[in-house]
Amino acid sequence: MARAKVAYVCGDCGVEHPKWQGQCSACGKWNTLREFTLQRATASPGASATGYSGTPPTVARLAEIETAALERMSTGMDELDRVLGGGFVPGSVVLIGGDPGAGKSTLLLQVAAAIARRAPMLYVSGEESLQQIADRARRLALPLDNLLVAAETRVEAVAELAQQHRPSVMVIDSIQVMHVESTGSVPGSVTQVRESAALLTRLAKQTLTTVILVGHVTKEGNLAGPKVLEHMIDCFVMLDSPAGTRFRTLRSQKNRFGAVNELGVFAMTETGMKEVANPSAIFLQRPKEMSPGSVVTVTWEGTRPLLVELQALVDESRSGYSRRIAVGLDPQRIGMHLAALHRHCGLSLTDQDVFANVVGGVRISETGADLATVLAVLSSFQNRVLPRNLVCFGELGLTGEVRAVPNGQERLREAQKHGFEQAIAPRANLTKTPVPGIEVKGVTSLAQTLEAIEALG
Ligand code: TYD
Ligand code: MG
């Protein structure tokens, strides 16, 4: 016999509570609990001492489990394939998040059209009408012959369509508008998102269909019901749309089948999302006349180097406190670097506002940009232009030491390829065989880095 049980689920973190309360005791958010009816089976009379009844569960030796090489399906776009770790894995669930208007539907429609030429493909939209989708596809001049589309928000109906048409890949745009009819709560609630995703995940595993879920970001920057989705899905990629640019960056944040933090770059054009094969080139469009506060660094994103320009502006603070504002960089790290500059080099910026920005809207998540950030700040503070052909990378420690970063040689090669002729890099990154065409000054401390800059003239 099954009996209905009521639980109260936090809309933010997904934790269940037996009673309604104003504040979630797990995440501390107010007014986020929603009622949710659970079906719980009661222990049957034939149960064992543990309360278990039914067919005996089995275990297996891991060594005896046969595995097949994962056959991945290309998405038709190299940038997307790389972010996914080599294409779609059959039976996996991929969540693609991003702001409204980032280009998720556009990108997935392009991918769907490309896949439909090779394999059965179903695009389910709960947000746009079939006419709107057809209109967009025609405008993008996509091949449409084999692409199946449905305008549907009932998950059970989507599952039925999947049974009928057996797609290899299925897009659900978006998970927030999907609802399971047997669950009594409103579409968009965390319960519906969770139940819909759970049903679609089961479907993916059972039928080996790749399911791609689109998820909108809330104004706090979270996916609605993020925690409840994150452990269900195999791969979570985020499409970022920096304000004021047509470039879009796609980054993997979780991937059971590949590396995380892999970066793909796209441009939104009149004819849809275009891959940017050489992102270093676009982030480096600098004016002929160089200004103080600009330094180029080589970051390592996933499996490849990326050249980006860092800019800093240091200005006398007019309010009572000095501001440290960073876009694309971690402001807390900048605070650390400023303390290191003061303590180890005697340079105080306590009465100065410091602004730092990564040009092109890229977000840097690694420490290799530390040294370049400090140089950009100093360059602005001292009103001194750094040479156009200089590139710089390295991690900065609290004791003022410059630490090695992964893939130093590849970073130098990438810089040289883009015309940089001198570099300041951690000494520990230098090898016996130098990279031809670029003169590298190896440094071990922040003080040495400043000396190296003085020596540049
Ligand atoms: P869309 O894919 O609908 O975003 P999302 O699904 O992430 O909400 O993209 C919508 C934006 O993209 C919209 O502002 C118009 C723009 N766009 C282009 O610039 N070029 C195009 O070819 C298309 C289809 C859209
Ligand atoms: Mg959309």
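The following legends describe close-up views of a predicted model.

**Figure 1. Residues surrounding ligand 1.** The shell around ligand 1 comprises 15 residues, of which Gly 101, Lys 104, Ser 105, Thr 106 and Thr 269 come nearest. Classified by residue type, this shell contains seven polar, four charged and four nonpolar residues.

**Figure 2. Polar contacts of ligand 1.** A polar side-chain atom of Thr 106 is placed 2.5 Å from an oxygen atom of ligand 1. Backbone atoms also take part: a polar backbone atom of Glu 270 lies 3.1 Å from an oxygen atom of the ligand, and for a polar backbone atom of Ala 102 the distance to a ligand oxygen atom is 3.3 Å. Ligand 1 taken alone exposes 560 Å², and the protein buries 71% of that area.

**Figure 3. Secondary-structure elements around ligand 1.** Two or more residues of the shell are supplied by each of α2 (104-116) and β11 (263-269). The greatest contribution comes from α2, which gives three residues to the shell around ligand 1.

**Figure 4. Pairing of strands β5 and β6.** Strand β5, spanning residues 121-125, pairs with strand β6, spanning residues 147-151, in the parallel sense. Five bridges join the two strands. Within this pairing, Leu 122 stands opposite Leu 148 of β6. In a regular strand, side chains alternate between the two faces of the sheet.

**Figure 5. The β-α-β unit formed by β5, α3 and β6.** Helix α3 covers residues 130-139 and, together with β5 and β6, makes a β-α-β unit. The unit is right-handed, and its two strands are paired in the parallel sense.

Key:
Residues numbered from 1 in each chain as written. Chains lettered and ligands numbered in written order. Predicted model: local features only at pLDDT ≥ 70, side-chain atom pairs only at ≥ 80, totals over all residues. Heavy atoms only, no water. Near = heavy atom within 4 Å. Polar contact = N/O pair within 3.5 Å; in protein donor to acceptor, adjacent residues only side chain to side chain. Areas by Shrake-Rupley, 256 points an atom, 1.4 Å probe, with all protein chains shown as cover. Helix = DSSP H or I, 4+ residues; strand = E, 2+ residues; numbered from the N terminus. Nonpolar A, V, L, I, M, F, W, Y, C, P; charged D, E, K, R; others polar. Pairing = 2+ DSSP bridges. Right-handed = clockwise from strand over helix to strand, strands pointing away.
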